[in-house]
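This report describes selected local features of one protein chain. The sequence and the coordinates are shown first, followed by the description.

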Amino acid sequence: MHNTLQALLAAHNNLRRLVALLERQPVMLADPDDSHAGLLVDALTYLTQYPDTGHHLMEDHMAQRLLACNALDHAECAEIEAQHATLARQGRALLDGLEGALRKDTASGEWVSMNTRLYAERLRHNMAVEELVLFPAAQRTFIDADWQAIEAANLRETPDPLFNTHVQTQFKELHHAIAMDAGCDCEP
């Protein structure tokens, strides 16, 4: 298996840990000072700033390249890209809604809770589709030149700010919560 594909699968495993944490958080937020509110803000910030701007773009590029090689159906390619667009839109809306819920002015905690669970399920579904359709097609089809093109198209050189040996300060509490929730010894 190519290193790029291994890295994408590792990122999916990390995202699953984050999704599991999101699903196990209390329903929501009677108190803006609740530590769960901070974790949710950090999780949504991470999801809208990292996977939406790097990881998903690389997968979209893979899908387009596979489509050009006739190794992926147009509908499958469009579905993956649409899932990414929906996740990006919903992630930004959730972050805005959470801010409104914490201020108790534009969104309710119930709305945030329901949409957080929906977002988590959409992210889980997206990863399943990619692992069942996109990744096997890339594994079968791509040669070294294809992987080099995929890597070159990934203009984001920033390391993952949450799942890395050097976790950004902003995400240290979230990383610790994910490690505790997963029961792993994965503290940086």
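A crossing of two helices is called right-handed if the near helix is turned clockwise from the far one by less than a right angle, and left-handed if it is turned anticlockwise. In this predicted model, helix α3 passes helix α6 in a right-handed crossing. The residues of α3 that make the contact are M58, H61, M62 and R65, and those of α6 are A145, D146, W147, A149, I150 and A153. By class, seven residues of this contact are nonpolar, one is polar and two are charged.

Two packed helices are described by the angle between their axes and the distance between the axes. For α3, residues 55-68, and α6, residues 144-153, the axes come within 9 Å and cross at roughly 145 degrees.

The phi angle of N70 is near 60 degrees, a positive value in a residue other than glycine. Helix α4 itself contains Q83. The accessibility of the two residues is listed below.

| Residue | Relative accessibility | Class |
|---|---|---|
| N70 | 72% | exposed |
| Q83 | 9% | buried |

Q83 counts as buried because its relative accessibility of 9% is under the 20% cut-off. Leaving aside residues up to four places away in sequence, Q83 touches H125, N126 and V129. With N126, the side chain of Q83 also forms a side-chain to side-chain polar contact of 2.7 Å.

Terms used
Residues are numbered from 1 along each chain as its sequence is written. This is a predicted model: local features need pLDDT of at least 70, side-chain atom pairs count only at pLDDT 80 or more; totals for chains, interfaces and linings use all residues. Side-chain values use heavy atoms; hydrogens and water are left out. Axes are lines fitted to C-alpha atoms, for helices over the stretch in contact, and angles run from 0 to 180 degrees between N-to-C directions. Helices (H or I, at least four residues) and strands (E, at least two) are DSSP runs, numbered from the N terminus. Contact means heavy atoms within 4.5 Å. Ala, Val, Leu, Ile, Met, Phe, Trp, Tyr, Cys and Pro count as nonpolar, Asp, Glu, Lys and Arg as charged, and the others, Gly among them, as polar. Buried means under 20% relative accessible area, exposed over 50%, partly exposed in between (1.4 Å probe, protein chains only). A polar contact is a pair of N or O atoms within 3.5 Å; within protein, one must be able to donate a hydrogen and the other to accept it, and residues adjacent in sequence count only if both atoms are side-chain atoms.
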